[in-house]
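Here's a quick walk through one model, taken a region at a time. Have the structure open while you read.

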Amino acid sequence: MTHAATPAALSVRDLRKTYDNGVEALKGVSLEVAPGDFYALLGPNGAGKSTLIGIVSSLVNKTSGEVRVFGVDQQVDRGRAMRLIGLVPQEINFNMFEKPLDILVNYAGFYGIPRAEAIARAEEELRGAQLWDKAHKMSRTLSGGMKRRLMIARAMMTKPKLLILDEPTAGVDIEIRRGMWQTLRKINAEGTTIILTTHYLEEAENLCRNLAIIDHGRIVESGPMRALLSRLDVEGFLFDVEDALPAALPEIPGAEVRAVDAHTLDVDMPRAMDLNRVFAALDAAGIRVRSMRNKSNRLEELFVRMTGDGATATPPAATEDAA
Ligand SMILES: Nc1ncnc2c1ncn2[C@@H]1O[C@H](COP(=O)(O)OP(=O)(O)OP(=O)(O)O)[C@@H](O)[C@H]1O
Ligand SMILES: [Mg+2]
């Protein structure tokens, strides 16, 4: 009922993709993105993010499953579904020997936008992207950040209702990244639904209201950003200790203590907890710490928890490799 009234910006049902070489890139992915949402698709290399985006934007053929863009079934009306989407691909793919204005106008031409209208729109987009002074310069002379903004401006030429960006900030420095966040926030505030893929939890945290975490072709977690972050309020440390650990480990109220092997202690504690309490407890138990390290970054940690690799005690060798 709700569906018919306000269709999701994107609805994906049991999407599967097996490439010709036998790689199962998507193993039954379902997700729903609400109109107006800012949605992150988070996942490690090879998780299937680009494959998913490729299928949604009709660049990659699916093996099975269903894709609807604002209620339009891709299978039924591919052209219409495509015209609702603006895509910013993972790699910069415009002609470096063309000028930004021409790149935008020609792109609009593919979509059947009359030339005069395209020129007016290109000016508007270039001004918005703070690239108007570069409109007639050779694109290869643009800085990395400008090239990224040009990619976004190009995608916006067709006024898409859904803007999809595949790792828009991969490999760009923090200043450029912040600038792009601002651009994307503005586009979203003006009513465009945005989906982006990223490796950076920080990026998703800063921009997105909802997210899905994808790993090995499956969604392992999805929901509101805030709900997920509250679960991340735990910090993990590994302590390398001098002598073999006692059979009975010290109890540290609020923290979770576990032996990884005879000389390694794994402690999960609330972020707000004072580390000195841990040291005091270990000291009282006669455990001498030789060194300690942060278990991993939050995203990695999250993946480990979500994918269950960390759920069971791992053999020492594997733990050392992972750390
Ligand atoms: N054209 C292709 N032919 C065969 N296998 C492919 C092809 N494209 C991707 N794959 C495989 O499908 C899996 C998912 O790849 P995909 O590019 O979708 O991941 P990703 O999440 O975008 O990764 P990254 O973060 O590195 O961009 C990988 O195992 C990859 O090697
Ligand atoms: Mg990718």
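This is a predicted model: local features need pLDDT of at least 70, side-chain atom pairs count only at pLDDT 80 or more; totals for chains, interfaces and linings use all residues.

Residues are numbered from 1 along each chain as its sequence is written, and chains are lettered from A and ligands numbered from 1 in the order in which they are written. Helices here are DSSP runs of H or I, at least four residues, numbered from the N terminus.

Back to α2 itself: eight of its eight residues are buried, so the rest of the structure largely encloses it. Buried takes 20 or more other C-beta atoms within 10 Å of a residue's own, exposed 12 or fewer, and partly exposed falls in between, with C-beta atoms placed from the backbone. Among the buried ones are Leu52, Ile53 and Val56.

Helix α2 (residues 49–56) also gives the shell around ligand 1 its largest share, three residues. That shell has 13 residues, and Tyr19, Ala25, Lys49, Ser50 and Thr51 come nearest; to be near, a residue needs its C-beta atom, placed from the backbone, within 6 Å of the molecule. By class, the shell holds four nonpolar, eight polar and one charged residues. Here Ala, Val, Leu, Ile, Met, Phe, Trp, Tyr, Cys and Pro count as nonpolar, Asp, Glu, Lys and Arg as charged, and the others, Gly among them, as polar.

| Pair | Angle | Axes |
|---|---|---|
| α4 (residues 100–110) and α5 (residues 115–128) | about 130° | 9 Å apart |
| α4 and α6 (residues 144–156) | roughly 30° | within 9 Å |

Axes are lines fitted to C-alpha atoms, for helices over the stretch in contact, and angles run from 0 to 180 degrees between N-to-C directions. So α4 is roughly parallel to α6, and α4 and α5 are oblique to each other. Under 35 degrees counts as roughly parallel, over 145 as roughly antiparallel, 65 to 115 as roughly perpendicular and the rest as oblique.

On the α6 side, Pro100, Ile103, Leu104 and Tyr107 of α4 meet Leu150, Ala153 and Arg154, contact meaning C-beta atoms, placed from the backbone, within 7 Å. That contact has six nonpolar, no polar and one charged residues.

Last, Arg83 sits in helix α3 (residues 78–83). With 17 C-beta neighbours inside 10 Å, Arg83 counts as partly exposed.

How values were computed: Helices (H or I, at least four residues) and strands (E, at least two) are DSSP runs, numbered from the N terminus. Two residues are in contact if their C-beta atoms, placed from the backbone, lie within 7 Å.
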